[in-house]
Amino acid sequence: MKIYVREGQATFICDDCGDVTLKHMETHIPHVAHKCNKCGFITSCELCYRSSYRKVCDIDATITLKSESIKYPVKILDMSLHGYRLKLLKDSPIKPGDELILEYELPSKKRNKISEDISIAAIMSDDVEVRYHSKKYSLCGTKCINLNPYSEQQKSKGFWLMP
Ligand SMILES: [Zn+2]
């Protein structure tokens, strides 16, 4: 089975029972025998490394500033296991370094609810928006903080991000 390693994380799926396991890969090894935590079945895996895989998407989400409790609507334009690129749909008083909570539903079969701590890395202007709506800032790059690679939501994201 081919497994993609992104940003140091690999999602293994048991060939027998389908159990999903997220593992942190410290070193670049080409093959690994993955033993299922649930049923003990051993799946032989070939590892493919990608430095930074981003999936383009179009997901409605909200951000909440930790200092207030007002929700602002955003769209997730692309995401990876460690960050998101967001489009602000309303004027929001955010600036680089701000910490926010991003909430959305993953467009997966299970429609997992995701609630994630993020921080604003950069705010960029979207030319089209600037020209037609005179909005100064509408795109922002964010990174995930307080990330637990073994949490259920990180597993769901890893599974959904697979090509
Ligand atoms: Zn299994």
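Predicted model: local features only at pLDDT ≥ 70, side-chain atom pairs only at ≥ 80, totals over all residues.
Which residues have the most contacts inside the largest nonpolar core? Residues are numbered from 1 along each chain as its sequence is written.

**View 1. The largest nonpolar core.** Ala61, Val74, Ile76, Tyr84, Leu86, Leu100 and Leu102 have the most contacts inside this core, which has 14 residues. A nonpolar core is a set of buried Ala, Val, Leu, Ile, Met, Phe, Trp, Tyr and Cys residues joined through C-beta atoms within 7 Å. Buried denotes 20 or more other C-beta atoms within 10 Å of a residue's own, exposed 12 or fewer, and partly exposed the range in between, with C-beta atoms placed from the backbone. At least two core residues come from each of β6 (55-65), β7 (71-80), β8 (83-88) and β9 (99-105); strands are DSSP runs (E, at least two residues) numbered from the N terminus.

**View 2. Surroundings of Leu100.** Leaving aside residues up to four places away in sequence, Leu100 touches Ile63, Thr64, Leu65, Lys66, Ile94 and Ile118. Contact requires C-beta atoms, placed from the backbone, within 7 Å.

**View 3. Arg111 in its loop.** Arg111 lies between β9 and β10 (113-124). Its phi is near 50°, a positive value in a residue other than glycine. Arg111 counts as exposed because it has 9 C-beta neighbours inside 10 Å.

**View 4. Asn146 in its loop.** The loop between β11 (139-144) and α2 (152-160) holds Asn146; helices are DSSP runs (H or I, at least four residues). Asn146, although not a glycine, has a positive phi of about 50°.

Methods: Contact = placed C-beta atoms within 7 Å.
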